[in-house]
Amino acid sequence: MLALLLGLGQACASPESDAVLENFGDLEWIGGRNGEVLDNSSEWKPEYEGQPATAADLSEPHSAAGDLLGNIYIADKNAHAIRVIDRSGRIRTVAGTNTAGYNGEGPARQRQLNGPQNAYPMPDGSFYILDTGNQRIRRVDAAGQMSTVIVENTGLSRGLWVKRDGSLIYYCTNTALKRWTPAFGSNPGAVMASGFSELGNIDVAANGDIYLTDRGNLTTDPTASKVFRIAPNATPSTFTPQVVAGTGGTTDSGPGASGSLATQVGIRGVRGIAFHPAGGYFLATHKGGDLWYVDRNGIMALAVQGNDANANVPATLPRALPALGSAVVSELRSVSVALNGDLLMATNDSGYILRARYQGPVPGAAELRMIPPTAAGRPVSLEWTPAPGRWSRVESTSDPATEIWTPRTVAPAGVSGYPNVWTEPFYTTSQPRQYYRLREFRDWPN
């Protein structure tokens, strides 16, 4: 029933790159506007709550990440809060008071944050926060209660990665990668690798290898503008730097480098990284302002061309991927592949949030069965057999011809004892007939 839509774009550097990019729709502007012109200032106003996200000023947001239901979580760094753009395009605050500080744990909208640089949504409705200024990694559960997971007294950088069941966290200080498990309690994790300059973001490949970006000091540090691969069992005594992308320093190769090996391409100020289920990964360059895709053979393809001029680029959108030939983004701070497959970017000091919707095929469920109500007020019950390693989402509509389906629930994969049954408790025979379907998503990628 789900239509397969393929976006058309220019030829890329490899068949894999072509196949990945054509499964995204146009790059579009979905949040922020031309408010902030200076670093380290807050532009948020109370009247933005509940309004269209494109009418709200953001304050140098450092990350944008999506959950399974299509909500987008934003670390609004200089306004000291986490925002969500919901499926209707409206923005609201879900954590932080919009003033810097620390006032303990409890209801997330009443707890202060201090320069958060990463918001990491989980499929169960919770999310993690890299609360950089407070030197803490915090968790907000599905009921909106905030708690501290890790207290990191040596400082935090931008990188955060959390396994979907919360049993493993990787995070960065400026110079080191750390690994945390619940056995550490709230204490800092163990150092896995060190000697970096200014670490950016983290993602993990399907085989467990950890990929780090090092933005670094562009003029003096040999680790700057490179991407490193680290084995999941690395320790400081066994770590040997493995550069997988970038030539370092102030080099920025630009569009002409498409088709080159990633280790031969200058990616000035590389900062964001996000794996795609096809096996390759996206790279966002802060100073270069470009978005790249690196395929499984290490070949680069330029997906979006930009600059570091803080230009007011949304006027040039939407644009089909690859978006080349003019600077349609600037100063990329992050890139992520959302849990529903969408491609998201946080860009520019003014804080624009950009999206390219995932329009590729979604695997069907192994089995889906609807048990209809037999009397008014009796709930509808759905039962299914999940595919291994996939998350499930129940959706409903009163008119399947419109292809507008409302997400109803998310069921995680691999959680012991979780029932593969969902009921609609509010359905009655007097309501419009509802149609249901089950969509399955693989973990992206962990």
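**Figure 1. Pairing of β6 with β10 in the predicted model.** Strand β6 is joined to strand β10 (residues 145-151) by 2 bridges, and the two run antiparallel; strands are DSSP runs of E with at least two residues, helices are runs of H or I with at least four residues, and both are numbered from the N terminus. Two strands are taken to pair if DSSP finds at least two bridges between them. G106 stands opposite M146 in β10. The structure is a predicted model, in which local features need pLDDT of at least 70 and side-chain atom pairs count only at pLDDT 80 or more, whereas totals for chains, interfaces and linings use all residues. Residues are numbered from 1 along each chain as its sequence is written, and side-chain values use heavy atoms, with hydrogens and water left out.

**Figure 2. The open sheet that contains β6 and β10.** In this sheet, 5 strands follow the order β6-β10-β9-β8-β7 with antiparallel pairing. Because β6 (106-107) and β7 each have a single partner strand, they stand at the edges, and one side of each has no neighbour in the sheet.

**Figure 3. The open sheet from β19 to β22.** Antiparallel pairing links 4 strands in the order β19-β20-β21-β22. The edge strands, each pairing on one side only, are β19 (270-275) and β22 (300-304). Neighbouring strands of the sheet are turned against each other by 25 degrees on average, direction ignored; the axes are lines fitted to C-alpha atoms, for helices over the stretch in contact, and angles run from 0 to 180 degrees between N-to-C directions. Between β19 and strand β20 (residues 281-285) there are 5 bridges in the antiparallel sense, and V270 stands opposite T285 in β20.

Figure 4. Across the whole structure, a search finds 2 cavities of 30 Å³ or more. A cavity is a set of points on a 1 Å grid over the protein atoms alone where a 1.4 Å probe fits but cannot get out, and lining residues have an atom within 4 Å of a point. Grid points are joined across faces, edges and corners, and a volume is the space filled by probe spheres set on the points. The largest cavity has a volume of about 350 Å³. Its lining comprises 25 residues, of which A65, Y120, V335, S336 and V337 lie nearest the centre. Elements that give two or more residues to this lining are β2 (63-66), β7 (118-121), β11 (160-162), β15 (199-204), β19 and β25 (332-337). By class, the lining has 16 nonpolar, 7 polar and 2 charged residues; Ala, Val, Leu, Ile, Met, Phe, Trp, Tyr, Cys and Pro count as nonpolar, Asp, Glu, Lys and Arg as charged, and the others, Gly among them, as polar.

**Figure 5. The second largest cavity.** About 30 Å³ of space lies in this cavity. Residues lining the second largest cavity include G66, D67, N71, A338, D342 and R355. By class, its lining has 3 nonpolar, 4 polar and 3 charged residues.

Figure 6. Strand β29 (residues 380-385) and β32 run antiparallel and are joined by 4 bridges, with W422 in β32 as the bridge partner of L382. Buried means under 20% relative accessible area, exposed over 50%, and partly exposed in between (1.4 Å probe, protein chains only). P432, in the loop between β32 and β33 (435-442), is exposed, with a relative accessible area of 55%. The C-alpha atoms of P432 and D399 are separated by 9.4 Å, with the two residues 33 apart along the chain.

Terms used:
On a 1 Å grid over the protein atoms alone, a cavity is a set of points where a 1.4 Å probe fits but cannot get out, and a pocket is an open set with protein on both sides within 12 Å along at least five of seven lines; lining residues have an atom within 4 Å of a point.
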